[in-house]
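Take a look at the model below. This short report walks through a cavity, a helix and a loop residue.

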Amino acid sequence: MCHLLSSPPAHVLIPLSPPLQYSAFIAGNPYIVGSFACIGGGLFGLDISSMSGVLSNDAYKNTFGNPTSNAQGAIVAAMPAGSLVGALIVSKLADWLGRKLTIIISGWIWVIGSVLQCAAVDRGMLVAGRVVSGLSVGIASATVPIYQSEITAPAIRGRLVSMQQWSITWGIFLQYFVEFGCSYLNGTPSFRIPWGLQMIPAVILSLGMLFFPESPRWLIDHGRDDEALEILADLHGKGNQDSELVQLEIAEIQEQVRFEREQGAKSYKDLLKPGILRRVGLGTSLQMWSQLSGMNIMMYYIIYVFQGAGLTGRRGNLIADSVQYVLNVCFTVPAIIYIDRWGRRPLLLIGTFLMGFWLMLVGGLQGGFGHWGEVDGDRVWVISDHDSITKGVIVCSYLFVCSFAITMGPVSWTYPAEIFPMRVRAKAVSVSTATNWLFNFALAWAVPPGLSSIAYKTYFIFGTFNFAAFIHILFMFPETSGRTLEEIEEVFASGNMFTAWRIGRHIGTKTLGDVITKEKDDKDSDKVHEDHYDEKVSAADVRVDKLAPYYDFTMYTIRAGYSQSMRTVNERFFCDSGCGQPCRRQTKNLELSATTYGSTSWRILGIIAVMGSGTQSDCHMTDIPTPVVICHAAWAPGFLPMDPSSSPAALENLALSQKF
């Protein structure tokens, strides 16, 4: 009959994170603790330059059989292919092993990939090494933003998470100049030395992370509240566990984790639930737009771009490329400093518009003054005898990179890391990051053949993508800056799915007093209803006996975490049977908030008798642990004074007309 579960559902995986050992001094400096893990992002930057810097290297071409545009695209695409796999498996690793240990593992995987690339003697071995390195980048790129977002204070979270993008630009910059210096060497050392040196940052990352704390949110989610409180005190309270900010954070985290633990098992199916699906769409689409912005052309294949602009000569091209990488590093700095002040939306809107504008200009100049020609034996669309136009294309390319660096680059990593609830954060961010690598893979392979076939029209395609992104962001992306990860829940609960500009920055913000008042109200509510609890359970049992001749019944308890508002719980009752409608809409005026039964540790939201009705008997109510609910039949909530001789239709109508 009626079961009252006494504890939250157990986790499927037993966490393997060891007892915490970390430096309190490091934890006490928010910029050190929030930025060091960004070395993981720098690995991606190292890979970009490790390829772009050798595309015109004769020793590289001879060693690997003078790859065609399609073959070169496949070699470059091997890394994002591995990253796609890494981003998908990281959710299990990050939830099971913890954020810290997962980052450490990613560093050692990178070392293995670097060794394989450095020793490569043919394309197969090179591709294998790039796939392994890509696996590391996929794991790190998904885990580092989660770790940063969960360990930094709201006031600087955007600044520190955006440093992920800055570390990528530094990786590109440093590796490119290593490649440039080694280009003066003869033979295979010109590319093997840079490929070998790139393992050094990964070793530093893996060893250095041993002295950093674990995510307090992950610890609370795994029942290690005391350790989490100690870390939060070191992070945000200078060791004082009674600090108002520390108490506010741990209260909010505990409340959110306790409620989310009641939502059922953690699986990818959770990402399809109403409310979560919207955020998954935002996170994945933002990562998609960051790739479709055209930045791949300017990073991986900038040598081809400048060749088409009429800039010939290996040394001259390398120098022009290096200017772009310097600009990429420098113009990411303003975004890091001001991202929390300027906000996410303005940066994304300005960035996508400007990037589309510059790409259209590049395409127009190349289309108007270029022609098919031959450069180093390859068929290329090239501008000849128009020095001013060549300079114009180069300047537009630089301005495009600057626009990306100060807007889309940092925000594309910050936004997906902060919009998801704890229970799905690792999986949702991994899916978002996997989207990045999926499009990275496709574009890395497609751009060289595209430039050799449709030439300048390629820029028009990417310019159009940027303008499409501008429209999408304008209507659907709410502002998230300045809020805790728990307060962001209120942002999405406010609606405005297609009118994101209506969500003000005040929505969702709380003080410690708000949290304490809310908890006190919830405790008082529990106490008022506690005396009536046993009576209501008996009434529900009697009701089931009366209706049994007409329906098949299963008794379930719908529960919500302590101190969660009934309104919020009510709004999350959706059916995942395929009807796509909220169950509360199907049951007309059924209201959960009218009857709340209390217990000392859990609030019981109704004792529900569920009526079976044909094929709909398997319809599950999502976000609630264990209940089975019928969407297209009727509920008979609470005790209803029914005549047992009534027809099923009459009983159904009566149930639909009642309130809890």
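## The largest cavity

Helix H16 gives the largest share of the lining of the largest cavity, four residues. Helices here are DSSP runs (H or I, at least four residues), numbered from the N terminus. This is a predicted model: local features need pLDDT of at least 70, side-chain atom pairs count only at pLDDT 80 or more, and totals for chains, interfaces and linings use all residues. Residues are numbered from 1 along each chain as its sequence is written, and side-chain values use heavy atoms, without hydrogens and water.

A cavity is a set of points on a 1 Å grid over the protein atoms alone where a 1.4 Å probe fits but cannot get out; lining residues have an atom within 4 Å of a point. The largest cavity holds about 190 Å³ of space. Among its 18 lining residues, Phe44, Gln165, Gln291, Met295 and Phe404 are the closest to its centre.

## A loop glycine

Where is Gly237? Gly237 sits in the loop between helix H13 (225-236) and helix H14 (244-261). Gly237 is buried, with a relative accessible area of 11%; buried means under 20% (1.4 Å probe, protein chains only). Beyond its neighbours within four places in sequence, Gly237 is in contact (heavy atoms within 4.5 Å) with Leu232, Ser243 and Val246.

## Helix H7

H7 (residues 123-151) is mostly covered: 21 of its 29 residues are buried.

Key. Buried means under 20% relative accessible area, exposed over 50%, partly exposed in between (1.4 Å probe, protein chains only). Helices (H or I, at least four residues) and strands (E, at least two) are DSSP runs, numbered from the N terminus. On a 1 Å grid over the protein atoms alone, a cavity is a set of points where a 1.4 Å probe fits but cannot get out, and a pocket is an open set with protein on both sides within 12 Å along at least five of seven lines; lining residues have an atom within 4 Å of a point. Grid points are joined across faces, edges and corners, and a volume is the space filled by probe spheres set on the points.
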